[in-house]
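Dear colleague,

Please find the structure below, handed over for your records. My findings follow it.

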Amino acid sequence: MITFYQAIMRPAWTALEQRRGADVWRRSQRRYASTVLGPRFEEIVRQWSVRFAEPDTLGGLVAEASAATLTDPASRTSHEVDLVALGEPPLGDGPRPLLAIGEVKWGRQLGTADLERLERIRALLVRRPGFDTTDTRLLLASGQGFADGLAEAASARPDVVLLDPARLYGD
């Protein structure tokens, strides 16, 4: 993970030595959000899914959560997934439950396009061996909230979980 020093301080050291801190902060806010706040929010959501999410929320107890990159050989593309929540391995042989995949953004609202992207990724995972994707939930977490269309779609679907800071810290 990139530190505050690496993201903000080092590139602006000369201006900071010249006591232009306010100017440095104005120029650095976007970089700070993308290199510090965004990755930290992703990690908070992953930890929440393991430590605090109710089993009903994600369809079971989350044993481990991480980020992942999924390749699609058919279209020769890759998809970054901010949250991959796995359940406990089954006794004996068998596929491991993939409880949820998620999109996590600190600095922007999420909308129906983000939900559709997760649906496409879940469809790719259904064809992959090793995971039970029967009940995989789609989790969308945003520090800025959700577009009206996404909130409406999620309210009608038990497989979609919306997570904002109020729910993250309140539930």
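Which side chain does a polar contact of 2.8 Å join to that of Asp159? The partner is Arg157; a polar contact here is a pair of N or O atoms within 3.5 Å, of which, within protein, one must be able to donate a hydrogen and the other to accept it, and residues adjacent in sequence count only if both atoms are side-chain atoms.

The model is predicted: local features need pLDDT of at least 70 and side-chain atom pairs pLDDT 80 or more, while totals for chains, interfaces and linings use all residues. Residues are numbered from 1 along each chain as its sequence is written, and side-chain values use heavy atoms, with hydrogens and water left out.

Asp159 lies in the loop between H6 and E6 (helices, H or I, of at least four residues and strands, E, of at least two are DSSP runs, numbered from the N terminus). Its relative accessible area is 18%, so it counts as buried (under 20%; exposed is over 50%, partly exposed in between; 1.4 Å probe, protein chains only). A further polar contact, of 3.0 Å, links the side chains of Asp159 and Arg122.

Yours sincerely
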